[in-house]
Amino acid sequence: MAKKISILIVDDEESVRDSLYNWFIEDGYHVECAENAKTALTMLQSESYHIILADIKMPGMDGLEMLKRIKSLKSDAIVIIMTAFATVDTAVQALKDGAFDYVTKPFDPDDLSHLIRNASKQISLIEENEILKDKVISLENVEDMIGQSEAMQVVFREIESVAQSNASVIITGESGTGKELVAKAIHANSPRKFFPMVSVHCGALTESLLESELFGHEKGAFTGAIYNRKGRFEMADSGTIFLDEIATISPKMQVELLRVLETKSFVRVGGNKEISSDFRVLCATNRDLKSMVEKGLFREDLFYRLNVVNINVPPLRDRAEDIPLLIEYFIKKYCASMNRPPIPIEPSALQRMESYAYPGNIRELENMIERAIVVGNGKKIMLRDLPLAKESVKPSFESLDDLGKKHILAILTKYSWNITVSAKALKLDRVTLYNKIKKYGLTPPK
Amino acid sequence: MNLEKINLISFGYFEKGLLDKIAMDVEREFLLPVRTREGHLDLSQFFEPSRRQYDGFRLLKVVDASFAEENDKTLGIFNVDLYIPILTYIFGQAYLNGRAGIASIYRLRNERYGIFKDEKILISRFRKEVIHELGHTFGLIHCFDPSCVMRSSTYVEDIDQKNHQLCRKCREQLGIQP
């Protein structure tokens with residue numbers, strides 16, 4: 001047996017308890033017995049059992065009442081109800097109350113084995129589900145959040161310290177630095193992780209649309225509102241709401257938002273019923289909110305309510321040492337999405353990418369890699385696959401004279417300063433070439 | 001504790017020499033001498049008229065209390081239909097890591113299932129059942145190896161599928177050289 005399943009037998013008849021105990025320990029289960037429901041509930045407070053086998057008829061509290069109490073303590077507990085006199089009513093009631101099965105005593109040994117085997121499978125599924133949930137969460141923690149630089153380590157530490165609290169957070173940083181990922185990481189590490197994180201892109205919605213989006217609307221609230229609709233604050237109940245581009249919201253919405261944050265309750269557009277929601281607010285902006293407050297463009301009271309904690313995500317140019325890691329990560333990501341093994345990057349292409357300033361930050365780098373994988377030869381990322389390669393032939397901002405000087409020097413060098421041959425190549429006469437050499441101050445190499 | 005021997009005690013009427021026919025295989029499996037003898041019990045006290053069966057768990061308790069000895073493993077052998085309150089029947093039962101167990105030949109007979117009597121099959125099943133219950137008294141739990149005698153059997157057909165020997169893993173657990 002991979003793991004020891006624990007069974008609690010609850011029956012007022014000693015012979016039933018003892019014989020079942022004996023039967024199950026021969027199968028290698030960990031078995032304990034209780035003579036009534038009260039004892040069983042006390043035992044369940046200090047110990048967790050995988051399967052509870054309970055008789056329906058017991059003095060004091062009966063099996064069905066005990067089932068209800070167990071389910072209120074631990075909703076995924078596996079309770080099997082046993083009865084000597086089965087009736088449809090009690091069976092239906094037991095199953096309605098969440099019993100795993102309802103069996104009539106006595107039953108065939110084979111049926112008992114099947115019953116316990118099925119219950120064990122259910123336990124494995126529950127445990128597997130928990131493990132997968134944890135895995136999903138841990139994947140979310142690290143997804144796309146790459147960085148060994150000191151600047152990113154500071155961000156990681158800030159995420160860790162703020163995640164467990166309920167404090168509002170403003171995430172600042174240039175466009176494309178990964179502010180939403182920071183919000184996701186905060187949510188995934190918070191006690192609210194099993195509830196949704198609802199994102200709202202405030203900048204993409206008009207004032208009236210944003211209001212309906214955030215608070216929901218009642219049927220008939222406006223033309224086209226043919227159904228009731230839940231708002232984002234309602235959907236984020238027990239979870240987190242992420243308001244991206246918070247600086248773009250109108251003064252009217254700022255007032256409404258402040259009120260919702262203070263009361264944690266709101267009314268749907270066109271409705272009159274107050275709706276409460278327990279949410280945590282995270283928001284992001286690429287603008288300097290403080291200076292907007294000083295200029296009167298953003299409410300000071302709202303700013304202070306949102307800005308309990310501020311996390312600033314550094315631009316990519318300030319953490320250039322993370323670029324190779326990010327390149328490697330995005331190559332893996334996009335090759336995997338195209339069912340290809342990861343491909344290497346040519347050293348010249350890597351060098352070029354490392355020296356680039358990335359005004360669009362990580363988003364720009366990511367797009368660059370995706371494009372290179374799509375347009376490239378599929379074996380290696382070459383310099384020519386990058387949009388950066390074109391920079392070398394971009395029109396120069398140098399003057400015509402500068403270009404002429406460079407070209408004449410290149411031709412002279414090519415023909416070892418042989419004036420006749422160079423003049424011929426440049427389609428000039430020798431005197432003109434001499435004049436230009438003098439004008440540009442060109443000298444042959446020593 | 002140094003174990004001295006295994007006692008096979010028959011209660012009731014059995015085919016002549018039945019215990020002796022399996023004693024040698026039991027000795028070979030557990031590397032302990034096997035003694036066979038008859039025991040006497042008033043089985044009517046264990047009869048449950050509503051079920052027309054005998055209370056296996058109470059019989060086990062009596063065998064343990066009145067027939068088992070400290071340094072031995074003792075198996076009570078019956079020729080009656082055994083049950084425990086929760087189950088319709090049992091082939092046998094034992095105290096895990098205890099000193100006593102019981103087994104019944106009643107449901108091992110082909111004739112109970114409307115098939116012709118077969119002495120060879122009966123002895124084969126009986127041998128496996130005795131070794132299985134004794135295995136529990138030695139602390140062995142049900143084994144997942146399909147050929148191991150400690151595999152759980154809820155039908156006689158399941159008993160026919162397995163060997164009368166312990167698998168390597170169970171032997172190792174008992175400290176017996178495979």
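Tutor: The contact draws 20 residues from chain A and 16 residues from chain B, where two residues count as in contact if their C-beta atoms, placed from the backbone, lie within 7 Å. This is a predicted model, in which local features need pLDDT of at least 70, side-chain atom pairs count only at pLDDT 80 or more, and totals for chains, interfaces and linings use all residues. Residues are numbered from 1 along each chain as its sequence is written, while chains are lettered from A and ligands numbered from 1 in the order in which they are written.

On the side of chain A that touches chain B, the elements giving two or more residues are H1 and helix H5 (109–142) of chain A. Helices (H or I, at least four residues) and strands (E, at least two) are DSSP runs numbered from the N terminus. H1(A) supplies the largest share of that side, 8 residues. By class, the side of chain A that touches chain B has 8 nonpolar, 5 polar and 7 charged residues; Ala, Val, Leu, Ile, Met, Phe, Trp, Tyr, Cys and Pro count as nonpolar, Asp, Glu, Lys and Arg as charged, and the others, Gly among them, as polar. For the complex, the predictor gives an ipTM of 0.80 and a pTM of 0.52.

The account now turns to the sheet of chain A. Its 5 strands form an open sheet in the order E2-E1-E3-E4-E5, with parallel pairing; two strands pair if DSSP finds at least two bridges between them. Strand E2 (30–34) and strand E5 (101–104) of chain A are the edge strands, each pairing on one side only. From one strand to the next, the twist averages 20°. Axes are lines fitted to C-alpha atoms, for helices over the stretch in contact, and angles run from 0 to 180 degrees between N-to-C directions. Helix H1 (residues 14–25) of chain A packs on this sheet, touching E1, E2 and strand E3 (51–55) of chain A, and its direction makes about 170° with that of E2(A). Strand E1 (residues 6–10) of chain A pairs with E2(A) in the parallel sense over 5 bridges, and Val10(A) stands opposite Ala34(A) in E2(A). Helix H3 (residues 63–73) of chain A lies across E1, E3 and strand E4 (78–83) of chain A, at about 155° to E3(A).

Strand E5 (residues 72–78) of chain B has 6 of its 7 residues buried, so it is largely enclosed by the rest of the structure. E5(B) runs parallel to strand E1 (residues 5–11) of chain B, joined by 7 bridges, and Lys5(B) stands opposite Asp72(B). E5(B) is also joined to E9(B) by 5 bridges, again in parallel, with Ala103(B) as the bridge partner of Ile77(B).

How values were computed:
Buried ≥ 20, exposed ≤ 12 C-beta atoms within 10 Å, placed from the backbone.
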